[in-house]
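This briefing covers one chain on its own and one contact between two chains. Please look at the sequence and the structure before reading on.

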Amino acid sequence: MNTVMFAISVLLAVAMIGAAFITILAKRPATAMLAAGLVSLFASVLFLFMAAPDVAMTEAAIGSGLTTFLFFFVLGRVRGGRS
Amino acid sequence: MGLILDMIGGLLLVSGASFLLFGGLGLVRMPDIFNRIQAGAKTTTLGTLLTLAGAACLQPAWGLKLLLIGVFLIFTNPVSAQVLANAAHRRGTQKTPLTKVDHLAEDRGDKS
Amino acid sequence: MVDVLVTLAAIIAGVAFLLALVRFLLGPTRLDRVVAFDVLTVIAITFIVLAALIEGRGIYLDVALVYALLSFLGVIAVARYLEGRD
């Protein structure tokens with residue numbers, strides 16, 4: 001691992017911890033879901049930097065893409081059914 | 001010949017990253033969500049395309065994959081920006097006082 | 001020489017990443033956060049391409065391909081959700 005890649009990895013890890021705190025502390029569900037998607041995104045790039053492209057691809061497809069989509073789809077359905 | 005191509009690729013990489021930096025700067029500094037969407041979408045599209053072109057100059061064997069990523073970016077990035085701007089306008093988000101004209105609101109007002 | 005330029009590009013992209021993260025932290029509305037999320041995804045694609053260049057492994061680009069396809073889906077879902085609720 002290069003020095004630059006190590007610096008970017010540290011940056012990503014710190015940002016990941018911050019996004020996880022936003023996920024816990026957010027008032028609104030939409031903000032929390034977006035921050036959870038962000039945690040997944042940073043985790044995927046970190047997996048890639050640790051030379052695991054297959055794990056990174058799975059995390060990108062399931063964690064960052066599909067989970068965010070599913071959360072917001074279900075939240076829209078729930079709100080639509082109630083009102 | 002290879003050295004010149006490498007230099008061109010490196011300069012393209014740096015210029016693409018600079019466009020990303022300008023996009024981030026506009027995202028922080030702009031006063032309004034529509035301006036932020038504009039700054040975020042346009043500069044990041046151009047910056048990423050320049051970065052992909054630089055990578056294609058540095059490693060010509062990856063050209064097809066990089067071209068595919070660029071095509072997907074060209075298709076998806078403006079669409080997401082347009083959907084976001086439409087949602088912001090429909091929600092009646094606060095516009096900056098510097099806004100002079102809003103053609104979309106005028107058209108909606110004429111129709112209804 | 002080329003390594004220096006790649007390093008410089010990575011540092012500039014890191015600064016852009018920090019700026020977009022600032023907008024995500026203090027975005028007043030939720031749509032600002034969605035815009036910052038979109039920009040962060042695109043900057044992550046740039047990081048992946050730079051990592052592929054540094055390591056010299058072309059298989060890393062597949063992850064960038066998945067991102068270019070799927071980041072769009074999440075943003076569309078968020079925008080549809082925020083649009084439907086007045």
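Which residue just after α3(B) takes a positive phi? B:G92 does, with a phi of about 70 degrees. This is a predicted model, in which local features need pLDDT of at least 70, side-chain atom pairs count only at pLDDT 80 or more, and totals for chains, interfaces and linings use all residues. Residues are numbered from 1 along each chain as its sequence is written, and chains are lettered from A and ligands numbered from 1 in the order in which they are written.

**Chain B**

- Chain B has four helices and zero strands, and its pattern along the sequence is α-α-α-α. Helices (H or I, at least four residues) and strands (E, at least two) are DSSP runs, numbered from the N terminus.
- The C-alpha trace of chain B spans about 60 × 25 × 15 Å along its principal axes.
- The radius of gyration of chain B is 18 Å, whereas a compact globule of 112 residues would have one near 13 Å. That radius is taken over C-alpha atoms, and the globule rule is 2.2 Å times the number of residues to the power 0.38.
- In chain B, 41% of the 112 residues count as buried (20 or more other C-beta atoms within 10 Å of the residue's own, with C-beta atoms placed from the backbone).
- Of the contacts in chain B with a separation of 6 or more, 67% are between residues 24 or more positions apart. Two residues are in contact if their C-beta atoms, placed from the backbone, lie within 7 Å.
- Helix α3 of chain B (residues 63–90) has 28 residues and should span 40 Å at 1.5 Å a residue; its end C-alpha atoms are 41 Å apart, which agrees. The expected span is 1.5 Å times one less than the number of residues.

**Contact of chain A with chain C**

- Chain A gives 31 residues to this contact and chain C gives 32 residues.
- On the side of chain A, α1 (3–25), α2 (29–49) and α3 (53–82) each give two or more residues. The most come from α3(A), with 15 residues.

**α2(A) against α2(C)**

- α2(A) and helix α2 (residues 30–55) of chain C pack at an angle of about 5 degrees, with axes 11 Å apart. Axes are lines fitted to C-alpha atoms, for helices over the stretch in contact, and angles run from 0 to 180 degrees between N-to-C directions.
- The two helices, α2(A) and α2(C), are therefore roughly parallel (angles under 35 degrees).
- Residues of α2(A) in this contact include A:L34, A:L38 and A:L41; those of α2(C) include C:F37, C:L40 and C:F47.

Conventions. A residue is buried if 20 or more other C-beta atoms lie within 10 Å of its own, exposed if 12 or fewer, and partly exposed in between; C-beta atoms are placed from the backbone. Angles under 35 degrees count as roughly parallel, over 145 as roughly antiparallel, 65 to 115 as roughly perpendicular and the rest as oblique.
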